[in-house]
Amino acid sequence: MPAFWLDAFQPGRAGWYVNAAAGLVNQSAPAVVEEIMPEAEGIRARMEIQLWQGYAPTPLHRLDGIAGELGIGGLWLKDEGPRFGLGSFKALGGAYAVYQFLASLIEARGGYAGVTSAELRAGKFHEIVSQVTVATATDGNHGKSVAWGAQQFGCACKIYLHGDVSPGREAAIAAYGPEIIRVAGDYDHSVRQADTDATENGWQVISDTSYPGYREIPRDVMQGYTVMTSEVVRQLAGHVPTHVFLPGGVGGLAAAAAAAFWRAWSGQRPRFIIVEPETADCLYQSALAGQPAPSSGDLETVMAGLSAGEVSLLAWDILSETADIFMVLADALIAPTMRRLADDGVIAGESGAAALAGLAAAASDSTARAAMGLDQNSRVLALSTEGATDPEIYQRMVGRSAEVVLTNRRP
Ligand SMILES: Cc1ncc(COP(=O)(O)O)c(C=O)c1O
């Protein structure tokens, strides 16, 4: 392994826990997958989103150089940077949940079933939609998706940001026209404020995380994410990976991906490894406790999109039975991973690089390699969930702007 990885990935910068409760790799998907993410709803979400203007599958990069350096047989990286021009896979979830909410409301109020997003964009139900306000708290990417959905479909939108959301991320959300409300404290404070204000004012919360009594909307959000997983299955054209590394915030993305990949590759499913910041480790702590448990750290991390204090309950129900390994990482591993990807012309933001950083940490530690079954024959898929969503932070961490990285991309 080149000194490059070994320098950054010194022992003690990552930890992992093997989840004995995960179903066996040769079994079919556990019942909880269909209970929480019914396939019929997933098909509906994918058919809808693929009709949206600007839809195009995002790239799946084959990274042979990095695979060789890490001593594995093959590496594929799904690159969500170009997704709908919003910079992350989150474009798929929040906006779809806004659409679904409006369609159900129009059905309930006006008796029109099967409202299409094209009808909403054309203002066909303006009288109902213009009375609606959607609201959410966000670390950045989910809020951008909700604001984009509200703008497309014609309702009002309030976005709650906590103190650590960078000005660059605020500006990117503001471009979609919502009212932005800054809240003192951390992410959990902003969630509570959004919820209180929504209840008082009759707004609809569109959250990507589920808590007691709030399940339907986060389910739609997760179904939206399966656009990405179904693209991966098509792009791999019959090749089934042995391992999939997934970043974890509240767990919605990882749960949706583990559920969808298990279904797609039933009987030969890969091992699922969830990667979180060590300061925002709610999924890891929940795995240790065997039930939902809060993060042990202060939620301060460069991986802004993964800064979550509590798991999404729906996501936890899926991950507790599908995730094989829960990993935690030090922030110090992120910049080297972003730079190594930039050398190959791939732009990954701070949260986007987490899954590959998790793989590199595991691959450079012989005990972790053995625990995870990583070797020269492993074919690994990692999700890079965002591009340079804050261009200034990207340039600071990589030492080059995203534009320069793209210009130097090898053909
Ligand atoms: C870029 C990025 N990656 C991963 C995640 C994690 O998704 P989840 O919170 O559903 O686990 C987020 C969440 O905001 C994100 O913005």
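Two residues are said to be in contact if their C-beta atoms, placed from the backbone, lie within 7 Å. Keep that in mind for the tour, which goes through a predicted model in which local features need pLDDT of at least 70 and side-chain atom pairs count only at pLDDT 80 or more, while totals for chains, interfaces and linings use all residues. Residues are numbered from 1 along each chain as its sequence is written.

**First stop: glycine 73**

Select glycine 73, which sits in the loop between helix H4 (64-69) and strand S3 (74-79); helices (H or I, at least four residues) and strands (E, at least two) are DSSP runs, numbered from the N terminus. Which residues does glycine 73 contact, leaving aside its neighbours within four places in sequence? They are Ala67, Gln376, Asn377, Ser378 and Arg379.

**Second stop: strand S11**

Next select strand S11 (residues 379-384), which is largely enclosed by the rest of the structure because five of its six residues are buried. Strands pair if DSSP finds at least two bridges between them, and S11 pairs with S3 in the parallel sense over six bridges; to see one of these, show lysine 78 together with its bridge partner in S11, leucine 383. S11 also pairs in the parallel sense with strand S8 (residues 243-247), over three bridges, and here histidine 243 has valine 380 of S11 as its bridge partner.

Moving on from S8, select strand S9 (residues 271-277), which runs parallel to S8 and is joined to it by five bridges, with proline 247 opposite valine 275 in S9. Then show the open sheet of seven strands, in the order S1-S10-S9-S8-S11-S3-S2, whose pairing is mixed. Its edge strands are strand S1 (14-18) and strand S2 (60-62), each of which pairs on one side only.

**Last stop: the two domains**

Finally, colour domain 1 (3-89 + 219-407) and domain 2 (94-207) separately, using bounds that come from an automatic or database domain assignment. Their C-alpha centres lie 26 Å apart, and 22 residues of domain 1 are in contact with 19 residues of domain 2. On the side of domain 1 that touches domain 2, the elements giving two or more residues are helix H3 (39-49), helix H11 (216-235) and helix H18 (391-398).

Note on methods
Buried ≥ 20, exposed ≤ 12 C-beta atoms within 10 Å, placed from the backbone.
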